[in-house]
Amino acid sequence: MSSFSILQALNSAPLYLICGGIIAFVAVICVIFLIRAYRAGIAMGMDKGKMKTVITSSATFSILPSVGILLGVIALSGSLGIPWPWLRLSVIGALHYETQVAQAAAEQVGLSSLSAAEMTPQAFTTIALLMSICIMWGMVLSVFLNKGYLKKISGSKKGEAKETATFKPNDLDNKKGGFADKAMTAMFIGLVGAYVASYIGGFVSGGAQNGGGIFRFRGDWVPLVVVAASALSMAFFIWLSEKKKLAWVDNFSIAGSMIVGMAAAVVVSL
Amino acid sequence: MKNANMNDANIKNESTYFERYNDMTHVLGRIFTTIVLVMLVGAPFLIGKILGAMPDLKATAKGFLSVGIIWTVSSIVEFLVYTPMLGAGGSYLAFITGNLINMKIPCAVNARDTVGAKSGTPENEIISTLSIATSSLVTVLVLALGVLLLQPLQPVLQSQVLQPAFANVVAALFGAMAYKYFRGNMDIAAIPLTFLCLLFIFVPSLTSSTSFMIIPGGGLAILISWLKFKKRNA
């Protein structure tokens with residue numbers, strides 16, 4: 001199947017129907033929870049104005065990050081079509097997670113990269129299944145443990161302490177807190193390091209079909225340009241956010257940096 | 001005295017009402033989460049039936065062992081940390097709709113700060129549910145509109161000129177994340193990165209199984225982080 005026809009299949013009406021149906025179902029769940037919470041708030045004597053403020057502020061707060069997520073759909077659409085990334089990023093997923101898992105699954109089915117040029121229907125369904133399985137554990141834990149865990153937390157009055165334990169990439173120097181957050185950050189450093197190192201190794205010793213070999217520098221250098229461009233772009237976003245106090249740019253930092261990196265790939269491949 | 005008794009009765013009624021509301025939230029949360037789980041895991045098989053190619057379960061299992069374990073641990077940590085913050089309704093919704101760190105958590109915290117609700121209170125339960133439900137609906141709406149607008153752009157997105165961009169989407173992600181994670185943590189990242197570079201340079205065939213190299217890379221980074229942690233707390 002050519003890359004054009006696989007993308008046609010991945011963008012076909014039945015796939016839109018399946019993915020759109022699940023998204024619509026999740027939207028209905030949100031509406032049910034929203035109405036129940038609003039009614040419960042009124043019944044418990046909460047101020048209607050306060051609740052309306054929460055709804056308005058949450059809606060406005062979410063517009064910019066949602067546009068950032070949409071850029072992620074565009075980024076993944078070239079290899080996985082539009083409906084599946086639309087589903088994954090509307091429900092449950094996040095761009096950085098989806099891309100990593102999709103790449104790992106692509107490797108397992110024998111693709112050298114996550115691209116439509118190599119994609120097959122079976123590769124796609126395998127990638128889609130792995131994406132679903134890898135991040136379902138928050139939901140699984142919710143089903144089995146949410147009630148008991150919340151009961152235990154409220155009983156032991158430790159809720160306030162837990163609330164401060166948010167996960168941040170650069171908190172390794174924070175002396176407070178346990179090792180769990182640090183271990184997670186370290187794990188992500190290892191994960192990112194593995195891929196960056198593979199691009200370096202691929203350039204230095206890869207490209208066997210072009211007469212490459214160990215230290216022959218005949219491998220593909222485009223991924224390195226892409227890594228550099230997106231890293232520089234991320235540095236710029238962080239500079240804007242931290243030095244220029246433009247916190248809203250954080251919403252676009254990952255997706256925006258990816259678009260810059262991908263644009264660099266187009267430019268150097270012309 | 002009479003007024004005090006009436007107040008006590010009101011508080012008791014409110015408390016009973018909230019308990020009933022919360023119990024029903026758990027019932028609905030469990031049912032809906034289970035249905036969505038079945039839908040999400042079932043969708044690849046349904047798509048497989050349409051495309052005439054079922055998922056390769058062996059490759060899925062291998063992929064899960066390489067990268068899924070990390071996300072499983074990450075999911076457990078997220079569950080333990082965020083559930084008390086979000087309350088019952090908010091956490092069921094947040095784990096169904098995803099985008100926790102980049103959107104749902106800041107959105108719920110912002111909403112809670114706006115009205116001054118305290119964690120663990122009935123008010124926080126309501127506020128956080130309202131906030132996450134609204135946020136999820138906005139994302140669904142923005143993405144649906146975006147996908148609709150993307151339709152005329154499909155020929156452009158599938159053009160040959162843009163293919164290098166989509167072929168390098170993973171490199172683009174890791175470039176951005178490398179800056180984010182390595183920045184300020186180079187003392188932890190330097191050794192695993194050097195080790196992995198040498199490994200990929202001297203054994204180039206390993207590039208086809210990069211995801212497995214996350215295990216030694218991550219293990220090494222955790223070890224260094226642990227040593228640093230121990231030294232600081234000694």
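Contact here means heavy atoms within 4.5 Å. This is a predicted model, in which local features need pLDDT of at least 70, side-chain atom pairs count only at pLDDT 80 or more, and totals for chains, interfaces and linings use all residues. Residues are numbered from 1 along each chain as its sequence is written, chains are lettered from A in the order in which they are written, and side-chain values use heavy atoms, with hydrogens and water left out.

**Stop one: the interface**

Select chain A and chain B. The contact involves 162 residues from chain A and 156 residues from chain B. About 14600 Å² is buried between the two chains, and carbon and sulfur atoms give 77% of that area. Buried area is the accessible area (1.4 Å probe) that two parts lose on being put together, summed over both. Next, pick W71(B), F174(B) and Y181(B), which supply 5% of the area that chain B buries against chain A, more than any other three residues.

Show the side chains of E242(A) and R183(B), which form a salt bridge at 2.6 Å, N to O. The rule (a side-chain nitrogen of Lys or Arg within 4 Å of a carboxyl oxygen of Asp or Glu) finds 3 salt bridges across this interface.

Now select helix α2 of chain B, residues 57-97, which gives the most to the side of chain B that touches chain A, with 33 residues. Helices are DSSP runs (H or I, at least four residues), numbered from the N terminus. By class, that side of chain B has 96 nonpolar, 48 polar and 12 charged residues. Ala, Val, Leu, Ile, Met, Phe, Trp, Tyr, Cys and Pro count as nonpolar, Asp, Glu, Lys and Arg as charged, and the others, Gly among them, as polar.

Go to S112(A), S113(A), D220(A), P223(A) and T207(B), the closest to the centre of the second largest pocket among its 33 lining residues. A pocket is an open set of points on a 1 Å grid over the protein atoms alone, with protein on both sides within 12 Å along at least five of seven lines; lining residues have an atom within 4 Å of a point. The space in this pocket is about 850 Å³, a volume being the space filled by probe spheres set on the points, which are joined across faces, edges and corners. Colour α9(A), which gives the largest share of the lining, 6 residues. The lining divides into 13 nonpolar, 17 polar and 3 charged residues.

Key: Helices (H or I, at least four residues) and strands (E, at least two) are DSSP runs, numbered from the N terminus. On a 1 Å grid over the protein atoms alone, a cavity is a set of points where a 1.4 Å probe fits but cannot get out, and a pocket is an open set with protein on both sides within 12 Å along at least five of seven lines; lining residues have an atom within 4 Å of a point.
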